[in-house]
Amino acid sequence: MDNVRKEKSANKNTTEQLSSGKILPLVFKLTIPAVIAQLITFLYNIVDRMYVAQIDETGMDALAALGIVLPVTLIIQAFANLVGLGGAPRASMKLGAGDEREAVKVFNTSSVMLTAIGIVLSLVLVFTATPVVVLFGCPLSAVGFASSYLRIYSAGTVFVLLAQGLNPFITAQGYSLTAMFSVLIGAIINIALDPLFIFVFKMGVNGASLATIVSQVVSFIWIIAFFFSKKSIFRFRFKDMKPNVKRIFAILSLGFSPFVMTLTECAIQIVFNVNLKLSTGGNKDYTAALTVMLSALQLIALPLNGLGYGIQPFVSYNYGKGNASRLKKGIIYVTVIAFVYAALVWSASLAFPVVYAYLFSASAAVREIVVEYTPFFLMGSVMFFVQMTLQNVNIALGRAKSALILAVLRKVIILIPLCFILTRFIGFKGVFLSEGIADLTAGIITATVIFISFPKVFKRREEEVRREKADG
């Protein structure tokens, strides 16, 4: 009985910090582990590419192959975001509103959804690996590498989905450090196993894929163990796993925006690869160079996503309580931090693009392409402080429709048509130029919408809580 009281007291202290702790220290406490986790994810994403690029004779083919497989891994991540980034903010709002029972049900429903989606995706990808990589614009010389990597990776899809989809529920309880370690453990294991499997066991690209899956399984075990610990408010309960249409819709409606954001990221990379293949005759050097540039883009985008993810529990909880003044201060702090980071990394990337080429041991031909076109590719990424960080704040406020429209704007409405048009008129250069133009244009539009709408959202929620208290 004493242990139960202590457990409830610890959980209460964690949520009380969200509503009454000093804001700036709390912002750092929540966001720094989330940003580190995203930087680790960046390392996670590029370490396979760094190692396979060093494979004798076939390194650039292997690098191009991983660039082709990247959209498929993004599709899997999109489904993890659909459930995890839809369910976790919903659970946070319920905690903020004092409805812990419903918050636990949201968690359990999300767990079942992730498992079911993982099984379906795994079966589909195992049997369609080769047609998928060909459809996604894989150069002929890299098809074998890409399809074998994808088959092994897809076998562990369930673990990938559960690891990525349940981690936000750890952050939602205020345990950002624990969520960061979930990613860190997997990254360390992946970095350690990659050279062992690729070079020592001579497994090549297959070794890189196997190392990734093993590391995701370990992350999954770590995350599941947390939900069985005394720290967690959320527990696995079979009776709470019963499907509920209203609850499922609530999760999906909020998760649909990050789902589309990730899925459109995948779509544009497919569009890039297909246009490069058509405009260069399937030259693997351009596909390898694009893989390097996309890695540079991730270095800017992922930590800014981390800031948005990290601040979500604070935003959702205080939105649930109707504490507008506290919300404003927290969002202002995180906006300033996001802008400073975006400006610094953007400036360095444009000034020294050759660093990325050396990071991936790129050949002379690939290095030349990277140095010439990276400044065009990244020129609009300074606006990611809005498109990544504040878009996640938008989701945390429960503004699913607004977040979805803004997510679709950048990739579907602007970038994809622009890529086809520019490539038609100026060749492969249009692929690299379209990203920069679209990011800049969409960033300005998104910033305008968000900075005008947020004050209205805060005021409306304050009035709703006031009426609820008057009626109660």
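In this predicted model, E265 is buried, with a relative accessible area of 17%. That value falls under the 20% limit, so the residue counts as buried. E265 belongs to helix 9, which covers residues 245–280. Neighbours within four places in sequence aside, E265 contacts L74, L297, R410 and K411. One of these contacts, K411, is also a salt-bridge partner of E265. The closest N and O atoms of that pair are 3.5 Å apart. E265 lies in helix 9 and K411 in helix 15 (residues 400–426), so the bridge ties together parts that are 146 residues apart in sequence. Both E265 and K411 are buried.

A further salt bridge joins R410 and D439. Here the closest N and O atoms are 2.7 Å apart. R410 is a residue of helix 15 and D439 of helix 16, so this pair ties together parts that are 29 residues apart in sequence. R410 is buried, as is D439. Shared partners join these salt bridges into one network, made of E265, R410, K411, E435 and D439.

Across the whole structure, the search finds nine salt bridges. Among them is the pair R237 and D240, with an N to O distance of 3.9 Å. D240, at 2% relative accessibility, counts as buried.

Helix 16 also holds an aromatic pair. F454 and F458 both lie in this helix (residues 429–471), four residues apart, or about one turn of the helix. A pair of aromatic rings is described by the distance of the centres and the angle of the planes. For F454 and F458, the centres are 6.0 Å apart and the planes make an angle of 50 degrees. F454 is buried at 5% relative accessibility. F458 is likewise buried, at 5%.

The count of aromatic pairs comes to 23. Ring pairs also build a cluster from F107, F169, Y175, F226, F227, F228, F234 and F236. A charge lies over a ring elsewhere: the charged end of R461 sits over the ring of Y319, 5.4 Å from its centre.

Beyond neighbours within four places in sequence, V315 is in contact with L327, I331, V393, A396 and L397. Q298 lies 17 residues from V315 along the chain, and the C-alpha atoms of the two are separated by 25 Å.

I191 has a sequence separation of 17 residues from A208, with 9.6 Å between the C-alpha atoms. I191 lies in helix 7. Its relative accessibility of 29% makes it partly exposed, because the value lies between the limits of 20% and 50%. Contacts of I191, leaving aside neighbours within four places in sequence, are L43, V47 and Y51.

The loop between helix 7 and helix 8 contains K202. K202 has a positive phi of about 55 degrees, although it is not a glycine. With a relative accessible area of 70%, K202 is exposed.

A nonpolar surface patch is made by L196, F199, V200, F201, M203, L210 and V214. Its area is about 530 Å². Helix 7 (176–200) and helix 8 (205–227) are the elements that give two or more residues to the patch. Helix 7 provides the largest share, three residues. V214 is found in helix 8. At 31% relative accessibility, V214 counts as partly exposed. Patch residues need over 30% relative accessible area, so V214 passes that cut-off.

How values were computed: Residues are numbered from 1 along each chain as its sequence is written. This is a predicted model: local features need pLDDT of at least 70, side-chain atom pairs count only at pLDDT 80 or more; totals for chains, interfaces and linings use all residues. Side-chain values use heavy atoms; hydrogens and water are left out. Patches are made of residues with over 30% relative accessible area and no salt bridge: like charges are joined within 9 Å, nonpolar side chains (Val, Leu, Ile, Met, Phe, Trp, Tyr) within 5 Å. Accessible areas come from the Shrake-Rupley method with a 1.4 Å probe; for residues, only the protein chains shown count as cover. A salt bridge is a side-chain nitrogen of Lys or Arg within 4 Å of a carboxyl oxygen of Asp or Glu. Buried means under 20% relative accessible area, exposed over 50%, partly exposed in between (1.4 Å probe, protein chains only). Rings of Phe, Tyr and Trp (its six-membered ring) pair if their centres lie within 6.5 Å; planes under 30 degrees apart count as stacked, over 60 as edge-to-face and the rest as tilted. A charge sits over a ring if NZ of Lys or CZ of Arg is within 6 Å of the ring centre and within 35 degrees of the ring normal. Contact means heavy atoms within 4.5 Å.
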